[in-house]
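This report covers aromatic ring pairs and charges placed over rings. The structure comes first, then the findings.

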Amino acid sequence: MPVNQQVVYRRRRLAALVVTLAVVAGIAFAVRALGIGGNGTSPGKATPAAADAGHTPAPTATLAPPPAPFPGYLLIADRGNDRLLLVDGAKHILWRYPHGKPSYPFHFDDDSFFSNDYSRIITNQEEQHTLEILSFPKGKVVWHYGHPNVKGSSPGYLDTPDDAYLLGNSTRTVADAYNCRVLFISAAKKIVRQVGTTGVCGHNPPSLLGAPNGDTPYSGGRMLITEITGSWVDAIGPHNKVLWTVQAPVAYPSDAQWLGHGRILLADYSAPGHILVMTKTGRVLWRYGPATGPGALDHPSLALKLPNGLIAVNDDFNDRVVLIDPAKHRIVWQYGARKHPGTAAGLLNTPDGMDFLPYAVAQRVPAIGRMLLRSNR
């Protein structure tokens, strides 16, 4: 083909290609304008791919590690203020109960403990003579036992209940102090087991107990029962078998906790108060209890050993919760102001119970993690 004819031919092919591309582009534009998709979407509605392209999901927020000095969060039963608080090491209030008027009376909350899966909180109202279970973190009353402000000993009644726990099989336990018994209560509110004899007080476990104020569960279905009268600590097996019993060298034992390897952590509810670690044979391994000064305790009711080795203490009549470093033998942190009760942030009024929520649990349980993220913001 002559050169001039080749040029003309190429120009015609190029022009045809341009026209074809223009037609295709016009059809595509019309299809988008009409919203007609090959996946059957209706006019005016974007396809999922288009929606994702325009709204890329934000990365999932992560829960930052809690501030020092403890690797988690403290649940505090602020008895004198009729409330529960969850605080971190920087003394931020991250959760509270109740908000406004509670759906069930909530007065004199003496102790509060998480369930094994941290989805519920069981709390006893000592002078209200009731137990309650709250969903966590929603804070909804899902179960209760007893009759508000009416003490008694017949089924459905309590007299000054102390230290309620929710066991892994959903049984509720409580030291029914002035009925001189420890009760095991089913979800259906039936007493399924009892240690002690109702209304008969003395020290002869499992038949008789002297005003029990602690019933701490530990491994293998065992329980530590703390008796006020006589300062006894009893280890009771799952079938009410007495494993051992020891008399503690304190004036008023409160809420013995099992540390393992034959050791017990115990509070002395006195003034000045003491915290001690003792063996199950009665030998004292460690003791804290200054007689005077800012480190002195006034009726401490509960001591818990935290994962980092610090010991958390309810210093009831000093209106504070403190952390004691057992190696340094001194208080290294406190929430509340000594002898200064109040309701404002940073203040407490006769705190009488607590429990620990680990950071790892907050990371693992979505509902708790979301609640803490919202609170931190």
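## Aromatic pairs

Across the whole structure, a search finds 12 aromatic pairs. Rings of Phe, Tyr and Trp (its six-membered ring) pair if their centres lie within 6.5 Å; planes under 30 degrees apart are stacked, over 60 edge-to-face, and the rest tilted. Phe-114 and Tyr-118 make a tilted pair, at 5.3 Å centre to centre and 45° between the planes. Both Phe-114 and Tyr-118 are buried (under 20% relative accessible area; exposed is over 50%, partly exposed in between; 1.4 Å probe, protein chains only).

This is a predicted model: local features need pLDDT of at least 70, side-chain atom pairs count only at pLDDT 80 or more, and totals for chains, interfaces and linings use all residues. Residues are numbered from 1 along each chain as its sequence is written, and side-chain values use heavy atoms, with hydrogens and water left out.

## The tryptophan pair

Trp-244 and Trp-258 are also paired: their ring centres are 6.2 Å apart and their planes at 40°, so the pair is tilted. Trp-244 lies in strand 15 (residues 242-247) and Trp-258 in strand 16 (residues 253-260), so the pair ties together parts 14 residues apart in sequence. Strands (E, at least two residues) are DSSP runs, numbered from the N terminus.

Trp-244 counts as buried, at 14% relative accessibility. Trp-258 counts as partly exposed, at 24%.

## A ring cluster

Ring pairs join Trp-95, Phe-114, Tyr-118 and Phe-136 into a cluster.

## Charges over rings

The charged end of Lys-91 sits over the Trp-333 ring, 5.9 Å from its centre. Arg-193 lies over the face of Phe-184, 4.1 Å from the ring centre. The criterion is NZ of Lys or CZ of Arg within 6 Å of the ring centre and within 35 degrees of the ring normal.

Terms used:
Helices (H or I, at least four residues) and strands (E, at least two) are DSSP runs, numbered from the N terminus.
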